[in-house]
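User: I would like to learn how to read cavities and helix faces in a protein model. Please take me through one.

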Amino acid sequence: MEQERELRQFLHAAAQTLGLTLTDTQIEHFWTHLTQLLRWNKTTNLTSINDPYEIIGKHFVDSLAALVAVEFPFEGHVIDVGSGGGFPGIPLKIARQDLRLTLIEPSHKKSSFLRAVVGILQLRDVCIFSGTIAEYAAQDQHSLGDLIVVRALRFDEMAPFASSLLKRMGHVVLYGTDRSDRATLIGTSNPFKVQSEYKFSLPRNYGTRVLTVLSQAVST
């Protein structure tokens with residue numbers, strides 16, 4: 001019980017370093033996500049991190065930083081590509097219940113985990129697609145996103161599909177450990193340009209992160 005109290009306090013304080021204040025209900029939801037992640041991780045490879053402090057710092061806080069890096073419109077549609085253990089989509093949804101969320105995850109085991117967590121947390125307006133971004137984009141009908149968030153995946157390979165899934169004034173948020181290679185991001189076949197970058201430090205000296213915000217290049 002003592003460790004649980006300390007972990008909850010750590011999450012609250014870490015979020016405040018980003019200028020975010022979490023309510024008791026949100027802290028409870030994060031705790032549920034954490035405990036389910038650790039339980040499922042014993043049989044399903046959701047994350048290589050098993051220390052709860054590291055999960056909070058390197059997964060939860062890292063995910064939430066996007067709320068500082070770019071404006072999320074009220075009731076906006078967020079598409080999380082390669083959600084895995086739910087990052088960054090579920091933390092963003094916990095912090096912003098108004099958001100509509102689509103989690104794209106090709107692994108059926110990981111998709112099962114996402115469905116379980118979303119169900120336990122009773123999160124509304126969350127769609128889980130068990131497949132690739134190419135398969136999602138190939139559907140006859142799909143809602144366009146206000147933001148696409150990508151964490152721990154190569155973006156240059158999915159850029160053409162991302163363009164077809166994004167609203168004209170939408171943005172892509174890339175999570176990284178260092179400044180992105182702009183030559184890779186803005187290749188001749190890439191319909192995006194770098195709009196801004198947000199660099200921040202994770203708690204407990206877990207390292208620095210950079211969020212790169214992309215917008216669609218407009219032809220003249």
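This is a predicted model: local features need pLDDT of at least 70, side-chain atom pairs count only at pLDDT 80 or more; totals for chains, interfaces and linings use all residues.

User: How many cavities of 30 Å³ or more does the search find?

Analyst: Rolling a probe the size of a water molecule over the atoms shows where empty space is left. On a 1 Å grid over the protein atoms alone, a cavity is a set of points where a 1.4 Å probe fits but cannot get out, and lining residues have an atom within 4 Å of a point. Grid points are joined across faces, edges and corners, and the volume is the space filled by probe spheres set on them. The search of the whole structure finds one cavity of 30 Å³ or more. The largest cavity has a volume of about 40 Å³.

User: Which residues line the largest cavity?

Analyst: Its lining consists of Leu 7, Arg 8, Leu 11, Ile 27, Phe 30, Trp 31, Leu 34, Ile 56 and Phe 60. Two or more lining residues each come from α1 (2–16), α2 (24–40) and α3 (52–64). The largest share, four residues, belongs to α2. Helices (H or I, at least four residues) and strands (E, at least two) are DSSP runs, numbered from the N terminus.

User: Which residues of α1 are buried?

Analyst: Buried means under 20% relative accessible area and exposed over 50%, with partly exposed in between (1.4 Å probe, protein chains only). In α1 the buried residues are Leu 7, Phe 10, Leu 11, Ala 14 and Ala 15. Seen down the helix axis, they fall within an arc of 125°, so they line one face of α1. The arc is that of the directions from the helix axis to the C-beta atoms. Their cover includes α2 and α3.

User: What do the buried residues of α6 pack against?

Analyst: Contact means heavy atoms within 4.5 Å. The buried residues of α6 pack against α2, α5 (89–95), β2 (100–104) and β3 (126–129). The face turned away from that buried side carries the exposed residues His 108 and Lys 109.

Methods. Residues are numbered from 1 along each chain as its sequence is written. Side-chain values use heavy atoms; hydrogens and water are left out. On a 1 Å grid over the protein atoms alone, a cavity is a set of points where a 1.4 Å probe fits but cannot get out, and a pocket is an open set with protein on both sides within 12 Å along at least five of seven lines; lining residues have an atom within 4 Å of a point.
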